[in-house]
Structure formats: C-alpha cells, structure tokens
2 protein chains.
Amino acid sequence: MTSADLSDKMGEYELKSVRHNVAFRVAATSIVDAIADDLRARLFVGELAGGMALTETDMAASYDVARPTAKAAIEKLVAEGLLVRGVHKTARVAALGPESVRDIYLARAYLESEVLRRLAATRTVPAGAAQANQDIAAVGDGSALAVVEPDMRFHTSLIDAVGNERVSKMYRSLVSEVRLCMTRVQSLNLLDTALIQAEHEKILELIGAGEGEAAAALLDVHLGRARERLVAALGGRPGPAAELPSDLLPS
Amino acid sequence: MTSADLSDKMGEYELKSVRHNVAFRVAATSIVDAIADDLRARLFVGELAGGMALTETDMAASYDVARPTAKAAIEKLVAEGLLVRGVHKTARVAALGPESVRDIYLARAYLESEVLRRLAATRTVPAGAAQANQDIAAVGDGSALAVVEPDMRFHTSLIDAVGNERVSKMYRSLVSEVRLCMTRVQSLNLLDTALIQAEHEKILELIGAGEGEAAAALLDVHLGRARERLVAALGGRPGPAAELPSDLLPS
DNA sequence: GTTCCAAAAGTGTCTAACAAGTGTGCACGC
DNA sequence: GCGTGCACACTTGTTAGACACTTTTGGAAC
C-alpha cells in the first residue's frame with residue numbers, strides 16, 4: 001500500500017472527525033481512534049504482516065497527521081497487544097506464533113469457563129448470545145470469514161451477561177487478539193461452521209439447565225480444538241485437543 | 001499540596017530519568033511513568049480525594065513538564081481505572097462507591113477462583129504465595145497498612161503461577177483498584193490480620209490437596225467478607241457475606 | 001426567577017524543534 | 001583479513017507555543 005492510498009483512506013476519517021457532529025458520528029470520535037481503528041482493521045485482514053515495523057514518522061506521513069497523533073494510535077495498539085515495542089524502539093506487528101495462540105486461548109478459557117459456571121448458577125441464558133448463534137447458522141457455508149463477527153458476539157455476550165463492568169473490561173483487553181486468532185482459524189478453514197454452532201447451542205442449553213461444570217467442560221473442548229488446530233497450522237506441535245469428539249459430529 | 005511541593009518531589013524523578021543509566025534504574029524509565037507512579041501513590045494514600053479534578057494544565061505546571069507529558073500520564077491512570085474522564089472533559093479521581101467495590105471484588109473472584117481450580121488440578125502451590133503469607137504473619141498487628149503489600153503479593157503470586165502472560169495482564173488491569181480497596185479495608189481496620197493469614201494458609205492447603213472446588217469456595221468467602229464490610233463502611237447495604245464464619249475463627 | 005448569550009477555562013490537535021537512545025556501516029588498527 | 005571502535009543516520013522522548021473546538025460558567029436581558 002502506498003502513501004497515496006492511505007491518504008485517500010484518511011480522507012473519510014478527517015471528515016468524520018472535523019464534522020463529527022453531523023451524520024456519521026457512529027465512526028471514531030477522535031483522529032487517534034480513527035487511525036487505531038484503521039490499523040486494527042488492516043491487521044485483521046493480514047495486510048500488515050507479523051514483524052513489520054511501524055515507525056511513528058511513517059504512520060504520521062501516511063495518515064497525514066502529526067507525529068504525536070500517530071504515536072498515540074500506536075500506543076493504543078501496543079496496549080491491546082496487537083503491536084509490540086520496547087523503549088526507544090520502533091513498534092512492530094506482533095507475530096502470532098504457536099505459543100501466543102496457546103496463551104490467548106487459555107486466557108480466554110480462564111475467564112469464560114468461570115463465567116459459564118456463574119451464569120449456570122442462576123440459569124441465565126443471555127438473549128444476545130442465542131441471537132448471535134442464530135446469526136452464525138444463517139451465515140451458512142458462504143464465506144468462512146463472515147462467521148467471525150457473530151462468533152465474537154456470542155462470546156462477548158456471555159461475558160457481558162454477568163453484568164460486571166470490570167470483567168467486561170478485562171475480556172476486552174483480550175478481544176483484539178482473540179479476533180485475530182479467529183480470523184486465522186476461519187481463513188484457513190480449520191473448523192466446520194455447523195460444529196461451532198452446535199457446540200454453542202449445547203453450551204447455552206447446559207447453562208439453562210444449571211449444569212455449569214458441564215458447560216465449562218464443553219467450552220474447554222470447544223476452545224481447545226480451535227486452539228490446537230491453529231497451533232498446528234502455525235507450525236507448532238498440536239496437542240490431543242485438536243481431534244474432533246465424535247459425540248458432537250454433525251450428522 | 002502546593003505546586004512547590006510537587007516540583008520538589010519531581011526533582012527525584014528528573015534525576016532518575018535523566019541519569020537513569022547510573023544507580024537507580026529500578027525506578028521509572030520515562031517521565032510519564034514517573035508522574036503516573038507518583039499520582040498513583042498519592043491516590044492510594046488518599047491525598048487525592050474522590051471526585052477531585054485533575055486538569056492537564058495543572059498537572060503539567062505542578063510537575064513542571066509539558067502538557068502532552070501530563071496528558072499521557074493522566075491517560076495511563078484513566079486506563080487503569082483510577083481516574084475517569086469523558087471526551088473534552090477534565091479527568092477526575094474515580095469515586096470508590098459501594099457499587100464499584102462490589103464490581104471490583106466480583107471481577108477478582110471471577111479470575112482468581114478459576115485460577116485456584118486450575119492450580120489445584122495440578123496441585124501447584126506457588127512458593128511466592130506461601131512466602132507472601134508468611135510475610136503477612138510477620139507483620140503482626142503493627143500497622144494495618146503494612147499488610148497491604150504482602151496481601152497483594154499473595155494474590156498476584158497465585159495469578160502469575162499459572163504462567164499465562166495474558167491472564168497476568170488481565171489481572172494487572174485490575175490491580176490498582178484492588179489495591180485501593182485493600183488500603184481502605186486496612187485503614188478502616190475492617191479485617192483481622194490473623195484471619196486473613198489463616199484463610200490464605202487454608203487456601204494453599206486445599207490447592208496442595210487438589211481440592212480446587214473447596215479452594216474456590218473459601219476464596220469466595222474470603223473476598224466476600226472483605227467486600228461486604230467495605231461496602232458497609234462506604235454507606236452501602238452489606239450482604240450476608242459480611243459475617244464471620246465461626247469455623248475459621250482464630251482461637 | 002428563568003433563559004440565553006458571551007467569555008473563560010480546558011481539551012484535542014498541529015507544527016517545529018531539540019535531546020537522547022539504537023543500530024549500522026565505515027574506517028582504522030592489529 | 002578481521003575485529004574494534006567511532007561517527008552518522010534513524011527513530012523515539014519530550015518540549016514549547018499555537019489554534020480550533022467544546023464545556024462550563026457567569027452575567028445580562030427578559
């Protein structure tokens with residue numbers, strides 16, 4: 001991508017920012033957010049490969065903003081874990097290696113399995129999660145990447161359902177990386193959409209039945225399979241969780 | 001506190017920053033971090049009361065730095081949850097009300113109880129946690145505030161023991177607020193040090209015995225009591241968890 | 001007393017610049 | 001020829017001053 005492309009793209013953001021009391025308030029409210037959002041999107045798409053250097057000066061020039069603005073956007077992504085950087089060193093796109101994938105998925109499991117237990121204790125089945133799962137089913141086998149959005153929504157709905165502001169914040173600190181992993185899983189076609197959807201459904205059922213322990217166990221299977229398959233795809237040695245348990249095979 | 005006091009205090013940080021290749025590298029590496037650390041310390045001490053406004057200009061003048069530097073420090077504390085601010089509004093010290101306390105302690109419980117379960121599954125008793133608990137015992141009934149540091153260390157040791165980078169990061173996003181709560185609990189003398197220490201000990205025993213469920217349950221009691229007593233002290237209506245279960249009463 | 005307008009205070013962003021740290025390549029000496 | 005050290009380019013950290021815009025506040029008019 002050339003500077004010109006970036007400048008063109010930035011045009012929209014300038015509009016949103018400068019005239020942000022008009023129509024498209026939905027977008028980012030500040031220039032920093034707009035740049036961070038755009039960089040994030042480009043990271044998900046894979047346009048910015050792992051290890052690539054992102055200097056403040058280049059970003060400032062590309063988006064036609066001052067360096068401090070670019071700096072703030074970069075620092076935001078560093079805080080999200082999508083970029084890494086040391087003191088006085090230029091920010092680089094975080095490489096998604098097998099060990100990172102395991103770390104991310106295990107961290108998810110820690111938080112989500114406990115959430116399932118507590119939701120099951122009160123038999124609370126969040127409506128948003130059920131809706132999200134229906135949306136997954138509606139996507140069908142069209143484009144695998146279209147599953148990412150409702151899949152993310154399913155899991156965040158569960159987290160948000162506990163109604164704890166800080167739990168949601170903690171999960172959000174993970175969300176960017178989770179989404180990155182999911183995008184990879186889907187673009188590599190590592191999972192069957194029907195299986196994802198079926199397991200989600202079962203998890204909701206178990207919550208409704210008050211069986212938190214079983215729901216947490218199923219979640220571990222659900223996440224574990226995705227995790228180990230992605231690990232394998234990235235060149236790591238997959239664990240046994242990569243296999244597909246037959247009792248949930250569709251058909 | 002006057003501007004002069006702040007400027008004096010800042011002198012130390014300038015030294016640490018400018019000459020940070022000499023002796024005291026341990027301190028903050030950047031000016032922004034130094035200011036953030038100082039503000040954090042003053043928040044814990046209670047010098048900055050809840051609701052107090054912290055304008056960028058004032059901070060810049062107080063610490064004798066440029067406004068962007070002060071801005072960065074403020075944004076850091078906002079990210080930690082110690083300050084709150086809206087767009088175009090001046091940052092204020094987050095008020096620690098009953099609902100915040102419940103939110104914070106419940107979020108802790110979500111993460112920590114799951115960690116206990118997983119540690120118990122492998123019967124992993126972290127050495128750091130045991131050490132921290134001995135340090136609590138050593139403090140005795142001297143000054144209640146001295147318990148805060150080893151108490152924090154006990155809990156962070158447990159979290160870090162799972163060896164998951166992102167789990168530690170998530171917990172760290174909570175740590176400042178947890179410490180703030182703890183400081184209040186101790187300065188109000190809401191808990192007996194011996195009880196804290198005894199329950200910590202029991203939790204470690206249960207982990208070693210592989211009884212994760214029991215450890216998690218005890219943690220809920222442990223945190224629940226502190227939570228509800230602090231809620232009561234802050235003017236909220238305490239739940240039943242504020243009571244002291246007799247089976248763990250010292251003596 | 002209420003409402004509206006204008007000034008003041010404060011934040012978001014930019015430009016320009018200097019200081020300090022990191023890394024690279026080249027010259028020099030062995 | 002090869003390793004060491006130094007100088008230079010690149011990049012980040014921080015500052016100063018400035019302007020645009022927003023929120024708040026105070027007063028004036030009704």
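# Notebook: two chains and where they meet

I started by reading along chain A, which follows the pattern α-α-β-α-α-β-β-α-α-α-α-α-α. That comes to 10 helices and three strands, where helices (H or I, at least four residues) and strands (E, at least two) are DSSP runs, numbered from the N terminus.

A note on the ground rules. This is a predicted model, in which local features need pLDDT of at least 70 and side-chain atom pairs count only at pLDDT 80 or more, while totals for chains, interfaces and linings use all residues. Residues are numbered from 1 along each chain as its sequence is written, chains are lettered from A and ligands numbered from 1 in the order in which they are written, and side-chain values use heavy atoms, with hydrogens and water left out.

**Chain A on its own.** I checked burial next: of the 251 residues of chain A, 45% count as buried. Buried means under 20% relative accessible area, exposed over 50%, and partly exposed in between (1.4 Å probe, protein chains only). Then I looked at contacts, meaning heavy atoms within 4.5 Å. Among those in chain A between residues at least 6 apart in sequence, 68% join residues at least 24 apart.

**A:H155.** I found this residue in helix α7 (residues 148-161) of chain A. Is A:H155 buried or exposed? A:H155 counts as buried because its relative accessibility is 1%. Leaving out residues up to four places away in sequence, I see A:H155 touching A:R108, A:E112, A:Y171, A:M182, A:H200, A:L219, A:H222 and A:L223. With A:E112 there is also a side-chain polar contact of 2.8 Å. For that term I need a pair of N or O atoms within 3.5 Å; within protein, one must be able to donate a hydrogen and the other to accept it, and residues adjacent in sequence count only if both atoms are side-chain atoms.

**R123, in both chains.** I looked at phi here, since most residues other than glycine have a negative phi. A:R123 has a positive one, near 50°, and sits in the loop between α5 (98-121) and α6 (127-139) of chain A. At 54% relative accessibility, A:R123 counts as exposed. B:R123 also has a positive phi, of about 50°, and B:R123 counts as exposed at 52%.

**How the copies relate.** I laid chain B on chain A with a turn of 180° and a shift of 0.1 Å along the axis, and the RMSD was 0.1 Å. So the two copies are related as by a two-fold rotation axis. The superposition is by least squares on the C-alpha atoms of residues with pLDDT of at least 70 in both.

**The interface.** How many residues of chain B are in contact with chain A? I get 29 residues of chain B, against 29 residues of chain A. The copies meet through the same surface, because 100% of the interface residues of chain B are also interface residues in chain A.

I counted eight salt bridges between the chains, each a side-chain nitrogen of Lys or Arg within 4 Å of a carboxyl oxygen of Asp or Glu. One of them joins B:E177 and A:R166 (2.9 Å, N to O). On the side of chain B that touches chain A, α4 (67-80), α5 (98-121), α8 (165-187) and α10 (212-233) each supply at least two residues. The largest share, 13 residues, comes from α5(B).
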